[in-house]
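Subject: Structure handover

Hi,

Here is the structure I said I would pass on. Have a look at it first, and then read on for my notes.

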4 protein chains.
Amino acid sequence: MIKVGIIGATGYAGAELVRILMNHPEAEIVWYGSRSYVDQKFSDIYKNFFKIVENVCKDDDFEALADEADVIFTATPQGYLGGILNEEILGKVKIVDLSADYRIKDVEVYEKWYGIEHKSPELIKKAVYGLCEVNREDIKSTRLLANPGCYTTCSILTAYPLVKERLIDPATLIVDAKSGVSGAGRGAKVANLYCEVNESIKAYGVASHRHTPEIEEQLGYAAGEPVVINFTPHLTPMNRGILATEYASLVKKADGSLPTNEEIKAAYDKYYADEFFIRVLGANQCPETRWVEGSNFVDIGFKIDERTGRIIMMGALDNLVKGAAGQAVQNMNIMFGLEETAGLKLMPVFP
Amino acid sequence: MIKVGIIGATGYAGAELVRILMNHPEAEIVWYGSRSYVDQKFSDIYKNFFKIVENVCKDDDFEALADEADVIFTATPQGYLGGILNEEILGKVKIVDLSADYRIKDVEVYEKWYGIEHKSPELIKKAVYGLCEVNREDIKSTRLLANPGCYTTCSILTAYPLVKERLIDPATLIVDAKSGVSGAGRGAKVANLYCEVNESIKAYGVASHRHTPEIEEQLGYAAGEPVVINFTPHLTPMNRGILATEYASLVKKADGSLPTNEEIKAAYDKYYADEFFIRVLGANQCPETRWVEGSNFVDIGFKIDERTGRIIMMGALDNLVKGAAGQAVQNMNIMFGLEETAGLKLMPVFP
Amino acid sequence: MIKVGIIGATGYAGAELVRILMNHPEAEIVWYGSRSYVDQKFSDIYKNFFKIVENVCKDDDFEALADEADVIFTATPQGYLGGILNEEILGKVKIVDLSADYRIKDVEVYEKWYGIEHKSPELIKKAVYGLCEVNREDIKSTRLLANPGCYTTCSILTAYPLVKERLIDPATLIVDAKSGVSGAGRGAKVANLYCEVNESIKAYGVASHRHTPEIEEQLGYAAGEPVVINFTPHLTPMNRGILATEYASLVKKADGSLPTNEEIKAAYDKYYADEFFIRVLGANQCPETRWVEGSNFVDIGFKIDERTGRIIMMGALDNLVKGAAGQAVQNMNIMFGLEETAGLKLMPVFP
Amino acid sequence: MIKVGIIGATGYAGAELVRILMNHPEAEIVWYGSRSYVDQKFSDIYKNFFKIVENVCKDDDFEALADEADVIFTATPQGYLGGILNEEILGKVKIVDLSADYRIKDVEVYEKWYGIEHKSPELIKKAVYGLCEVNREDIKSTRLLANPGCYTTCSILTAYPLVKERLIDPATLIVDAKSGVSGAGRGAKVANLYCEVNESIKAYGVASHRHTPEIEEQLGYAAGEPVVINFTPHLTPMNRGILATEYASLVKKADGSLPTNEEIKAAYDKYYADEFFIRVLGANQCPETRWVEGSNFVDIGFKIDERTGRIIMMGALDNLVKGAAGQAVQNMNIMFGLEETAGLKLMPVFP
């Protein structure tokens, strides 16, 4: 059994790691780290685990944990892991970091968008960006895994094959994303109170959300050139789910015609046909977050608009699963040579 | 592998059976019955099963199904199974009926509350009421299992030990229950539209809901005498979950004092301490439906009010799992001699 | 124009006072008091008032405000007004207090349930309990109005005529109440975050909620004897609304029969037939919070259960309007000799 | 008093007309038309109007109604009014049509997008498109008012000044809109059931929604040339509200620089500064549907993205008020020479 430590176990992503790992056939949690709830029973905080998890929350003694665990998941604020990680720890334990500290290769970009100094920039190059379906080979051998953000996973996977195959012009890409409220975390803020969020929708972080450079970097690799996009997140009154609606101009073929539904579908299939967790719905299909809730699936559909020459791509996932804890476990499975779907064949829960 | 047929697979309870059975280690679904969607792919109706269930919905050819399956789950309207079932079918296949047709022993009571004639009253006595934790021994050997209703499972289990141990006076029992909307089914009715249900709460079926006699019959067995109660269901703006808030006068002890928290807790523990799916939270604890959502758990808490001499008992479950499909699978497990928790160690999904 | 000051204008009840008073024909707000947001524009906090309210929030300088205003609404934490009010202030300005400080006549009861010392107990006897439809005459002449709580308004009005007419036995009264989340206020607490409240229902404050003695006192006056009840509030996933489901044994008539629907209806009509804000739906009707949302109405229905000899009474109101700000304005109207419905003919908003 | 008839009074838009007109100082409803509920009390269908509206629903006898009323609001399915209206009726009564029958000037465009034959195309040229803030002068004198759609009102008003002032390139315009569920109407469809909509978001009608040509026609007038856009509606789990997030490339100035925040704001102010119902929040402000709920306001904000040279415009309104019934009453006010805000100074209801 792989021994797992979680730092930040009492946030929503941390608790989702617990939910998934409790049914994982080859992993066991040995450390529930939570600064806010030290010495309290984990199941007093998350009563869904009453009689299931008997452990008490511990402080984040990273050194001790590195000796005890085979892998540490850090579901922590930005800057935390960057400030504490070093080669020695990495020599002892593998890390799956759910924060953004090692996602962006250019430390200046990181520091600009996050507004904090990176304390261990020398480790960034060791990190592998854990978008499983894209970087699987590199993930197998890394000890420092940068787990992608929720918006980014959805945004990138939805557009990736079309960017890679040059079917769309990346300079025209606009991502309009809608997220459930769990993405905002469990902090006690007025803005996230029930009555403030319920019965309303709003954009936020327009043209300034931190997931923007992460999407741009990864799609830039796919495009073979820098990509600059518009990314607009929206807060939607639901617990879970991200829907990304993405717009881009199709690249015309030599004869001046637009790519067909079949050609677009073939591009998606080229990359995703064998992927268990990516379900390509196909042309003229609209994914809905309800169909993936609670699961590690990403559903993708698209619509070609002949009138404007654009394609509308749509992707849906559960922000806490494929957008956070599920992909983190998927990465752990790859890093430890396990069946990639181990513990992750979660059926979507509907309604 | 146990071969399972489902009649009524495209209702919410039917689809939840599919969700649970897809991860069941010893069962496979061989028949997705749905009158409304014959010849349509099941995963076109419930797109959460896209790429997971490839089957097409079939009509309800009960005879053919009885030859093919080891067990049939009927998630059908009242009267359907009663009108079709006979000894010959029962000789071929076991039945787990999620409708009310065989729950009530007194056919007159059934006909009065349901307003329909029972077409096979002679089979009622063969049926076992499938409240697993109460009737486990009888369930093991039955071929006709009457799966309890959602409200009834919650209402009975919450009060059962105190009725059985004569700690409360059943004549004073009042059950005020609150249900999520999936309990109302998937029929296209104005009353269940999003805008009609959202941002509102109401009582309905006051002093006339059909689950009343079912609760009374079962608690009557526990009390050793007829029990008549008030039962008031409420429609609550959430997808899943039932919370039963139950009031009863405590029976005073010989010295005139009320039972203590410890004595009440001991009564619950006497019946439930070894039950995996019943979690007794204890004194002064209030269960919440969010902590059981998606799982087969029932959470129970209570509060003694010295001022009024009453006890307030509270129980919470997921109406589609322990209140329907989960308990149905639990019953199947018992009927086939499997591990009772097989396929049912579903972690509650929060948030 | 009546000059109105509001202390606690940035809580939900305070903001609802603003919404109502903005359309009041004979009142104008001269003071938006808010400790948390001093010197900030009120409409930066509540952006629904953008371009409508240009005022800036002020601190709670009660002395200055008493000179400036004709009436002060205090939508403040328990103990605040009790600690600051005196005869001199009352000589200058009328007070409508939305907190509980002057609701309960017996200061010991107040101090026990609220756990704080009352700093001006000598003023309690001057206060009038502002349940408009019951205490209208006394309200006309008071300068210190104790505005009833949200649960209490709903709970009392639903049972009042039947208690007063001795049609039910008050000793058997059980109030099972369900409230929207705005009743919990706008404080930044984890328990009130969207993801914590959404998709769940729970009881809280069982047998200990502070509105209990307030209900008991008022119904005690109606009964002519002390009344002790069970009151159980529930947190329901919706912004607004309270539904009270109340159970009591009917008092049999001399011939041993139960009161009829007509007799019950007549009792309600005796007290409410001429009341604009109380709508008696009648027998076998279930009020729903959606039908009163945004308005000052209370809807009341009932169901007699011949089987148990009990009656189930149901009342619904909007906790922020009739349960707080609306009733407060109604009281102001009475205190100042205005048309009682002035500014309050708000149509319920549905859906 | 203006005598108002409503055809389609029991749909959501019809009922919202009732809510607004009940408090209108110069209008009274004389006809509640509803095919589905003929002879039933209106307040039995919409119980929020219990004791407020005593009228019974009538069939849609247009001839009789034309004699009786000064104005008829038709909140009816597409094609209904087009099939029944004629010069004679128009000679007797003014019409405010909430359907799409007379919104689009080119009958071929109408017939293509709506898939029905227009039965009275000769009347189209008589109709005035009722976007009050844009077409006020023409509205004053028309007898046939085509009330704009909900999505269209929001989409057009949000972009109009920038198109008109050539600050953005209309060929790059993309409208990503999110609507509450009341926009889908009150028909009994599985897709609109509570459990189907709750906890999910989806796009629908992608590149094919019928509001597209309406937006294009109106913005085309502003641009002085044909405009073709992408419009993508989304179903959002809330009762009311539309948020339009709109993307377009800014037109660079002669010196190659982008327009500034001040220049954009000035363009909005040029058209909207004196408009009571349009609230321009300004640069870097994100409107939220909660701040306009229940009111006739449109809130507009924007964000310039220097990185991409695009502007993100955002508009929010209540689909049933400014997006339907409120704007319809605003149009009536203009058509009858009343104060434009009469009956429409509805404060937004929050929370």
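In which sense do strand S3 (residues 71-74) and strand S4 (residues 94-97) of chain A pair, and over how many bridges? They pair in the parallel sense, over 4 bridges. Within that pairing, Thr74(A) has Asp97(A) in S4(A) as its bridge partner.

Before going further, a word on the ground rules. This is a predicted model: local features need pLDDT of at least 70 and side-chain atom pairs count only at pLDDT 80 or more, while totals for chains, interfaces and linings use all residues. Residues are numbered from 1 along each chain as its sequence is written, and chains are lettered from A and ligands numbered from 1 in the order in which they are written.

Back to the sheet. S3 and S4 belong to an open sheet of 6 strands in chain A, with the order S2-S1-S3-S4-S6-S5 and parallel pairing. At its edges sit strand S2 (27-33) and strand S5 (128-129) of chain A, each pairing on one side only. Two strands are said to pair if DSSP finds at least two bridges between them. Helices (H or I, at least four residues) and strands (E, at least two) are DSSP runs, numbered from the N terminus. By that count, chain A has 12 helices and 13 strands.

Now chain A as a whole. Its radius of gyration is 20 Å, which agrees with the value near 20 Å for a compact globule of 351 residues (taken over C-alpha atoms; the rule is 2.2 Å times the number of residues to the power 0.38). Along the principal axes, the C-alpha atoms of chain A fill a box of roughly 65 × 45 × 40 Å. Of its 351 residues, 63% count as buried, that is, with 20 or more other C-beta atoms within 10 Å of their own, the C-beta atoms being placed from the backbone.

Chain A is divided into domain 1 (2-126) and domain 2 (151-318), with bounds from an automatic or database domain assignment. Their C-alpha centres lie 27 Å apart. In contact across the boundary are 9 residues of domain 1 and 7 residues of domain 2 (contact: C-beta atoms, placed from the backbone, within 7 Å). Helix H6 (residues 107-114) of chain A gives the largest share of the domain 1 side, 3 residues. By class, that side has 6 nonpolar, 1 polar and 2 charged residues. Here Ala, Val, Leu, Ile, Met, Phe, Trp, Tyr, Cys and Pro count as nonpolar, Asp, Glu, Lys and Arg as charged, and the others, Gly among them, as polar.

Next, the chain contacts. Chain D and chain A each put 38 residues into theirs. On the chain D side, the elements that give two or more residues include helix H9 (194-197), strand S10 (242-249) and strand S12 (298-305). That side has 16 nonpolar, 10 polar and 12 charged residues.

How do these two copies relate?

As for chains C and B, 38 residues of chain C are in contact with 37 residues of chain B.

Cheers

Definitions and conventions: Contact = placed C-beta atoms within 7 Å. Buried ≥ 20, exposed ≤ 12 C-beta atoms within 10 Å, placed from the backbone.
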